[in-house]
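Good morning, and thank you for coming. I would like to take you through one protein model, from its overall form to a few local details.

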Amino acid sequence: MITIKNEYLPEKMKPIRFRMETDDTYTIVFSKRTMSHAGQFYMLSVDGVGESPISVASGFGNPLTFSIKAVGSVTKYIMDHRDSAIGLRGPYGNAWPWKGADHIVAIAGGIGIPPIKALIEDMESEGNLGDLTVLYGARSPKDIVYKNEIEAWKKELDFRITVDNGDPSWKGNVGVVTTLIPGVERYKNGSAFVIGPPIMMKFSVQELIKHGFSPENIYLSLERRMECGIGVCGHCNIGQWYVCESGPIFRYSDVMNEPEVFL
């Protein structure tokens, strides 16, 4: 007998932990272990509400974790109904290609930081944190996600953070995340991973190229374009690709001529 797996049928489970990161961003952790690699995503659903693609925030083999900004009906429902069962299907997509690179410069803006958390955990599991530099930009100190983890990461890897607008309590860098890029020019022969709002990604790529990084060694996550997760609905189309099928990670040189890449 041939058994056909229904790709649309989610596995339902309740989070075992819930933590607010900011006023509108939260982290949920499941007992299920992550069978995904950094950069991949799951489809999270709530019966009668809908479904959303969410990037994984935990490294391979760790408890499955997502950090989510409540901006739509599904993500707001999960935040407001913390004991509800959530549908999970995945993992989908490709992963950050960090193995074999001389050095990785990972640049995250806003809620782009969860897939970089997964990257940190994947590289840590193989003893490669010395080959990673993270540049993280948030709008303000109160918008910083993973405040507790960041203090630990600063002791383990080259982790740099800035905020667009500081407050009296903030003693760190102030300015957009691209202002940190000149400080990593010595890694120009390595690879750069970029994830965040489109405008932040656009100017990060321009700054990376200005400081000697090759378009062939710059990778973008186009996760914001994901829709059904398996390339059936066609809403993730960009040029010749379906982001759900071929992405969400793309080499910049492959998509640099697509007019929608930073839209």
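Helices (H or I, at least four residues) and strands (E, at least two) are DSSP runs, numbered from the N terminus. This is a predicted model, in which local features need pLDDT of at least 70, side-chain atom pairs count only at pLDDT 80 or more, and totals for chains, interfaces and linings use all residues. Residues are numbered from 1 along each chain as its sequence is written, and side-chain values use heavy atoms, with hydrogens and water left out.

Let me begin with the whole chain. The protein has 6 helices and 16 strands. Its radius of gyration is 18 Å, which agrees with the value near 18 Å for a compact globule of 263 residues; the radius is taken over C-alpha atoms, and the globule rule is 2.2 Å times the number of residues to the power 0.38. Of the 263 residues, 52% are buried, meaning under 20% relative accessible area with a 1.4 Å probe and protein chains only. Among contacts (heavy atoms within 4.5 Å) with a separation of 6 or more, 67% join residues 24 or more positions apart.

I turn now to the interior. A nonpolar core is a set of buried Ala, Val, Leu, Ile, Met, Phe, Trp, Tyr and Cys residues joined through side-chain atoms within 4.5 Å. The largest has 34 residues, and I107, L135 and L222 are among those with the most contacts inside it. Elements supplying at least two residues each include β8 (104-109), β12 (191-195) and α4 (198-210), and α4 gives the most, with 4 residues. Apart from this core lies another, of 32 residues, including M123, Y146 and W153.

Y146 sits in the loop between β9 (132-138) and α3 (147-156), and its 0% relative accessibility makes it buried.

Two cis peptide bonds also deserve attention. One joins G90 and P91, with omega about 5 degrees, and P91 belongs to strand β7 (residues 86-92). P91 is touched by S36, a residue of the loop between β3 (25-33) and β4 that counts as buried at 0% relative accessibility. Another cis bond joins G247 and P248, with omega about 10 degrees. P248 lies in the loop between α5 and β16 (249-251), and L222 touches P248 as well as F250.

Conventions
Buried means under 20% relative accessible area, exposed over 50%, partly exposed in between (1.4 Å probe, protein chains only). Lists of a residue's contacts leave out its neighbours within four places in sequence.
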